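This report walks through a model of two protein chains. Look at the overall fold first, then at the contact between the chains, then at single elements and residues.

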Amino acid sequence: MALLGKRILIAKPGLDGHDVGAKIIALALRDAGADVIYTGLRKSPLYIARVAVDEDVDAIGLSILSGSHKEIVVQTLECLNELDASDIKIFVGGTIPRDDYEGLIAAGVRGVFTA
Amino acid sequence: MINNQKNKIQSDSANEMKPPNVPNSFTPSGIEVPISVTPDMVDFSEVGSPGQYPFTRGIFESGFRGRLWTIRQYSGFGTAEESNERYRFLLEQGQTGLSVALDLPTQCGYDPIDPMARAEVGKVGVSLSNLAEVEILFDGIDVGEISTSFTINGTASISYAMYCAVADKKGVPREKLTGTIQNDILKEYVARGTWIFPVKPSMRLIADTILFSNQHTPKFNAISIAGAHVRDAGCTAIEEMGYTLANGLAYTDELIRRGGDVEKFARRLSFFFYVHMDFFEEICKFRAGRRLWAKLMKERYNVQDPKAQMFRFGVVCGGSSLIGAQPHNNIVRVGTETMAAVLGGAQSIFTCAFDEAFQIPTEHSAEIALRTQQIIAHESGIARTVDPLGGSYYVEWLTDQMESGMAKTIEEIEQYGGVEKAVEDGWLQMKIARRASERKQASDSGQNVIVGQNYFRRKNQSEGAGEIFTLDPKAAAKVIAKYEQVLDTRNSADVKKSLAALEAAAIDDNKNLIPYLIDCCHAYATVGEMISTLKSKWGEFQEPVRF
């Protein structure tokens, strides 16, 4: 129960409908003791940032398998900034080419996880 | 940085775990397999003959000797021009059918300029927001000769309308059109996620498409009821087939409700599945599903025409069975899966490229995938005689086991209250998410061997495939520029009129919507406009979030 007391938002931004990974991670984090909120599909970066703030989460996991991770991650970080919530950590999973890891980390992502 | 940690954990555990010396006695669906299947364990009474009810041995008497399966590679990306170029390349290489991948905005009903869409324009497929794009996509391709498959669901009726409209423009009679639209919304709610409207109006739109197509494009398959996505989302081979047949029954009921004649429309229902790696379970999945469908058609709906009892299906080899680690191993996986598809009697096969676990295939990897099918078709000899495994003790025994598992899966859904309810409540979604989690734990714990991933890893192994496919970074901008040009040049009065007619038809349950959609396409109304019009009357699906 390493994550007891942590609040984590798992989010599906954009139009990508592959939600298995998101749900597996949500279940695993819940098993590890975290309070997990899952957004469901097709949420805008602004919506995700707002839910994260309203729910006072410690971290957001973004699951993206459509290849639009760069745009979406940057937009989400911007939205968090605008809401004065840049302390909320973002991690990303999905179909992310290895060559893109560094750019995402440089943009402010705390971790990239792929299958 | 966290990734370095993850890789470390993986290689450590790979060092610790010893691969099993002997095969697991259970199939991935959980059937316990005896060391030897003996003749007394097998009921041969339902094996029958190829081309005859209940079609255990295939729907055609002559198997592949009469006609080889359709080799159909899925592709499409960026702009219509780029995709058109790739199609012409594939046709020149001997591919016999086109398969169009569409981008997510087109699939979810957003125009490329929509804020929800911008990041996704042209990413996982081609953007087809209006008829002008479809005209470019099929430029120089004879739509009267080639069979085209569109992987589209939420907006499938519009893609179909576009295809009819492009045929009209080219002067090709609509009745010559052949191909498939996926048009299977039920599994979208469960696994693939491109739903738009609530379940009921979505079912109507699907039924309208099928009924119109049967009448006007009789050689076109207006639905491909798909198990592939629920399979990839985590369920077993038995559940993949069971859920899919249950969906097939739900569409059948809706078509009958809308006045369809089951003896007629059932002839054009088609199915679509994944093949994963467990060779015999996959073969028997197809044999069992084909037999069970024929029985359901005959026993539930009293269908008499053998053509309307026949279970026709296409398959994809790859999907989540492809592994990012040591990606070239995927060529062997796809080859094995292709053989299972052939031995199961598939009508069309799509082979994934080895790098598809992490990117859009390059021209090189796409070619290997195509060659894999050609080698199996023309060198291996496995297609020489119909159902070469028919009568094998193991194959017939496992076919029986699979069939009874599928029947139980269907029964379970019906006891819950039917597919529509199971989907609206999120019950099915939750079941599949739990299965996915189990599957992940089974590979993490080392219970399932995945070569290169949890066992047989190499020190410092590279995860990349070398060559990388990169999309034209300007593709989205090009798509948007063309879109704006269409908006500037079309006749707005025609657009307005056709959309108003669509809106009126949407609330009249006696109208078939397809002619209205074709009129909208001819007027260069966009996908976003047509979908917004329907949304204004039907609302949107509210996703039940359960996991």
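## Terms and model

Two residues are in contact if their C-beta atoms, placed from the backbone, lie within 7 Å. The model is predicted.

## Chain B overall

Chain B holds 22 helices and nine strands. Its radius of gyration is 23 Å, close to the 24 Å that the globule rule gives for 547 residues, so chain B is as compact as a globular protein of that length. The C-alpha trace of chain B spans about 70 × 60 × 45 Å along its principal axes.

Of the 547 residues in chain B, 51% are buried. Contacts in chain B also reach across the sequence. Among those between residues at least 6 apart, 77% join residues at least 24 apart.

## Where the chains meet

A:Lys23 is placed in helix H1 of chain A. Leaving out residues up to four places away in sequence, A:Lys23 touches B:Ala433, B:Ala436 and B:Phe547. Is A:Lys23 buried or exposed? A:Lys23 counts as buried, because it has 25 C-beta neighbours inside 10 Å, and the cut-off is 20 or more. From A:Lys23 to A:Arg50, 27 residues apart along the chain, the C-alpha separation is 21 Å.

## A β-α-β unit in chain A

Strand S1 (residues 7-11) of chain A pairs with S2(A) in the parallel sense, over four bridges. A:Ile8 stands opposite A:Val36 in S2(A). Between the two strands, the chain crosses from S1(A) through helix H1 (residues 20-31) of chain A to S2(A). This β-α-β crossover is right-handed.

Side chains alternate along strand S2 (residues 35-38) of chain A. A:Val36 and A:Tyr38 point to one face and are buried.

## Helix H3 of chain A

Helix H3 (residues 69-82) of chain A has 14 residues. From first C-alpha to last, H3(A) reaches 20 Å, close to the 20 Å expected at 1.5 Å a residue. A:Asp84 follows H3(A), and its phi is positive, near 60°.

Which residues of H3(A) are buried? They are A:His69, A:Ile72, A:Val73, A:Gln75, A:Thr76, A:Leu77 and A:Leu80. An α-helix has 3.6 residues a turn, so residues three or four places apart point the same way.

## B:Tyr243

B:Tyr243 lies in helix H10 (residues 237-257) of chain B. B:Tyr243 counts as buried, because it has 30 C-beta neighbours inside 10 Å.

What is B:Tyr243 in contact with, leaving aside its neighbours within four places in sequence? Its partners are B:Gly227, B:Val230, B:Cys235 and B:Thr409. B:Ile410 is 167 residues from B:Tyr243 along the chain, yet their C-alpha atoms are separated by 6.5 Å.

How values were computed:
Residues are numbered from 1 along each chain as its sequence is written. Chains are lettered from A and ligands numbered from 1 in the order in which they are written. This is a predicted model: local features need pLDDT of at least 70, side-chain atom pairs count only at pLDDT 80 or more; totals for chains, interfaces and linings use all residues. The radius of gyration is taken over C-alpha atoms; the globule rule is 2.2 Å times the number of residues to the power 0.38. A residue is buried if 20 or more other C-beta atoms lie within 10 Å of its own, exposed if 12 or fewer, and partly exposed in between; C-beta atoms are placed from the backbone. The expected span of a helix is 1.5 Å times one less than its number of residues. Two strands pair if DSSP finds at least two bridges between them. A crossover is right-handed if, with the strands pointing away from the viewer, the path from the first strand over the helix to the second runs clockwise.
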